[in-house]
Number of protein chains: 2
Amino acid sequence: MAGIKEVASRAGLSVATVSRALSGKANVSARSRQLAQEAARELGFVPSYHASSLASGRNHNIGLVVPSVNRWYFSSVLEGVSEALLDAGYDLTLYNVGDQPERRRSVLSDFLLRKRLDAVIAVALVLGEDEIQQLLAVHRPIVGIGGALPGASTIRIDDERLARLATDHLIRLGHTRIAHMTGDANLNRDFKLPGIRQRGYEAAMRASGLAVHPEWRVAADFTIQGAYAAARRMLGTASERPTAVFAASDEMAVGAILAAREFGLQVPYDLSVVGMDGHELGETFGLTTISQDPRGQGRLAARTALELLGETRHDSDGGPAPQVAMDQEYPTEFVIRTSTAVPPEPAHG
Amino acid sequence: MAGIKEVASRAGLSVATVSRALSGKANVSARSRQLAQEAARELGFVPSYHASSLASGRNHNIGLVVPSVNRWYFSSVLEGVSEALLDAGYDLTLYNVGDQPERRRSVLSDFLLRKRLDAVIAVALVLGEDEIQQLLAVHRPIVGIGGALPGASTIRIDDERLARLATDHLIRLGHTRIAHMTGDANLNRDFKLPGIRQRGYEAAMRASGLAVHPEWRVAADFTIQGAYAAARRMLGTASERPTAVFAASDEMAVGAILAAREFGLQVPYDLSVVGMDGHELGETFGLTTISQDPRGQGRLAARTALELLGETRHDSDGGPAPQVAMDQEYPTEFVIRTSTAVPPEPAHG
DNA sequence: CCCGGTGCTGCAAGCGCTTCCAGTCCTGAC
DNA sequence: GTCAGGACTGGAAGCGCTTGCAGCACCGGG
């Protein structure tokens, strides 16, 4: 494993010049640069990460904290972040903290703070004041996606408004008996999203003077299979069957559609279903949904972090210092497909 | 940001003793250790990763190279690896190389070799001889999952045999017109798995003297939606409709089931479907499949890597040096559910 | 009483880079 | 011809830890 010293002696240059040449710094003659590059290539030299980080104070490494990696939304965000970071020559250190709060705690204190991360991107992570302070204290950029991180840059969508919009779509079609599939509060108390979307649903119902039947509020775990099981239970037992379902995620919407089919209900003629998120499966099921491109959000988060690190200043030298919005609302799109229609004629009066 | 020097002076000890005390080394008196720990806690000291890595040569960081992060199999492996690594106090650096070979190349040379990774876990990655040599040259453990990495430890299932088994299951039920959903070779030439499973299917068919109708070989992209579209096309155009489908993944099997329903075909009475992998969705669809627990494979891969790093020797000091199998076949399970049955009676002779 | 161990401890030498600073050479203006 | 200034260059001082080594106190055996 060749070090920079071998490269220097092979190139007939000093270590200092080789370092400057290879890292693209100024004040190196074209000849020296070329000599250094050639020698480096011949020896297969790659600078030691730790040594250069230690010396320069920069890590070229960004941490991503996610509660899960198995769900479409999170893996899409991850994909976007990974893409943008790889392009920028940054490493991505992944912390899949899952549901366990104690794991999250140890990740925060033992890992994140070890000065080895230049920035942290946190997805759907709700942190306590003290935790945020802890993070901000190390003076590294923090970017949040889909979760409130007071004090940090965030990329978010207006979940409550969008949930309201989705519900309104059903109401405007003429539905009055609208069920809502939400998260299971017992599963993960830190996962605030279901509650927010539910508020949007309830606000829309209330605004139109519609009753929110407790039987129509069905909790599942945000997966297709969980929602399928929950929807079956609801459709099988509800004293009055809803004519529409607003699911807090597309996976759950798909689960609801599958359950409906099981009951011989035709979507959308017997049951309208609207989802939320923009899952790839939505098209196959003709799902009406609000699409939010998590991959793009991941990319944006990574770019925001890089910008906060001053990584983009090189491009526009002379211009003003980059202004990074503290709170960016990511665009969404209401995609109307074939899973929503006017409610069926009342069967028996 | 307190350094070890501050801790040392606060504890009234030398830097050396503090270092030994905090990293759990022997030859430190209980008193010194406690003093060091107290001082460290009071100052909120966390050792600099880069400095300690540089000095010790150990990184506590393992790289994971995956072709995708969005598909169930890969995200499950990722989850397992992440879990085991987090428990061991190791960092996980993720390289989502995607389909692009040039990205893979740059990842390998620019990142992996930068001495910052203690080991590499590669999932479904087919490497050239030179690439493997390149990796082995840096003298770091490499663990492969689901892909042949000659020279490296691998964790794998016998895809060809299992595909044959799945096909045989259909044959034994009496099916003779068996379609196969495989990968699209044009999409990713490096993804060898579909070809291997297809060989198993063909071997089973041949062994039973059954014809492999070209119309029944349908290529898709290993997603539900892709398989759905492909299966629809096949079911709509095949001159002679198959009575069973063996899909090279559970996602594709689900896609096939959805397509079948679209054609009014009842699974399993009109069409038997068997998948492969053990996707969580399988239960919801009553899918007969061969289950392979990728999460467990990820955990095992991580543990294997740690073992190769000698990370487990502490537990069993005095015992023999850990022997790591170079090639571990991971157990699988044939799960028979309700998507397979005897073929339908021939409709018109 | 002397001596080899044993158990801790601290000094100091790195780990492999980056970067400050001083120095050299060369240019062009005066 | 002189000199200021710019363009490069190399020496050397770190970055913040780990660890080899030497030193010291203290033990028990001879």
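Me: How many bridges join β8(A) to strand β9 (residues 272-274) of chain A, and which way do they run?

Reply: Three bridges join them, and they run parallel. Strands here are DSSP runs of E with at least two residues, helices are runs of H or I with at least four residues, and both are numbered from the N terminus. Two strands pair if DSSP finds at least two bridges between them. This is a predicted model: local features need pLDDT of at least 70, side-chain atom pairs count only at pLDDT 80 or more, and totals for chains, interfaces and linings use all residues. Residues are numbered from 1 along each chain as its sequence is written, while chains are lettered from A and ligands numbered from 1 in the order in which they are written.

Me: Which residue of β9(A) is the bridge partner of Val245(A)?

Reply: Val273(A).

Me: What about β6 and β8(A), parallel or antiparallel?

Reply: Parallel, over four bridges, with β6 of chain A covering residues 178-183. Met181(A) has Ala247(A) as its bridge partner in β8(A).

Me: Are the faces of β8(A) covered or open?

Reply: Both are covered. Ala244(A) and Phe246(A) are buried on one side, Val245(A) and Ala247(A) on the other. Buried means 20 or more other C-beta atoms within 10 Å of the residue's own, exposed means 12 or fewer, and partly exposed is in between; C-beta atoms are placed from the backbone.

Me: Which residues touch the most other members in the largest nonpolar core?

Reply: Met181, Ala247 and Ala256 of chain A, and Met181, Ala247 and Ala256 of chain B. That core has 86 residues. A core is a set of buried Ala, Val, Leu, Ile, Met, Phe, Trp, Tyr and Cys residues joined through C-beta atoms within 7 Å. A second, separate core has 80 residues, including Val81(A) and Val97(B).

Me: Switching to Gly298(A). Where is it, and is it buried or exposed?

Reply: Gly298(A) is in helix α13 (residues 294-308) of chain A. It counts as buried because it has 27 C-beta neighbours inside 10 Å. Leaving out residues up to four places away in sequence, Gly298(A) touches Ser76(A), Val77(A), Leu78(A), Glu79(A), Gly80(A) and Val81(A). Contact means C-beta atoms, placed from the backbone, within 7 Å.

Me: On to the chain contact. How many residues does each chain give?

Reply: Chain B gives 37 residues and chain A gives 35 residues. On the chain B side, α5(B) has the largest share, six residues. By class, that side has 17 nonpolar, 11 polar and nine charged residues. Nonpolar means Ala, Val, Leu, Ile, Met, Phe, Trp, Tyr, Cys and Pro; charged means Asp, Glu, Lys and Arg; the others, Gly among them, are polar.

Me: What rotation superposes chain B on chain A?

Reply: 180°, with 0.1 Å of shift along the axis and an RMSD of 0.2 Å. That is a two-fold relation. The same surface serves both: 95% of the contact residues of chain B recur in chain A.

Me: Which element gives the most near DNA strand D?

Reply: α4(B), with five residues. 25 residues surround DNA strand D, and Ser14(A) and Ile4(B) are among the closest.

Methods
Contact = placed C-beta atoms within 7 Å. Least-squares fit on C-alpha atoms with pLDDT ≥ 70 in both. Near = placed C-beta within 6 Å.
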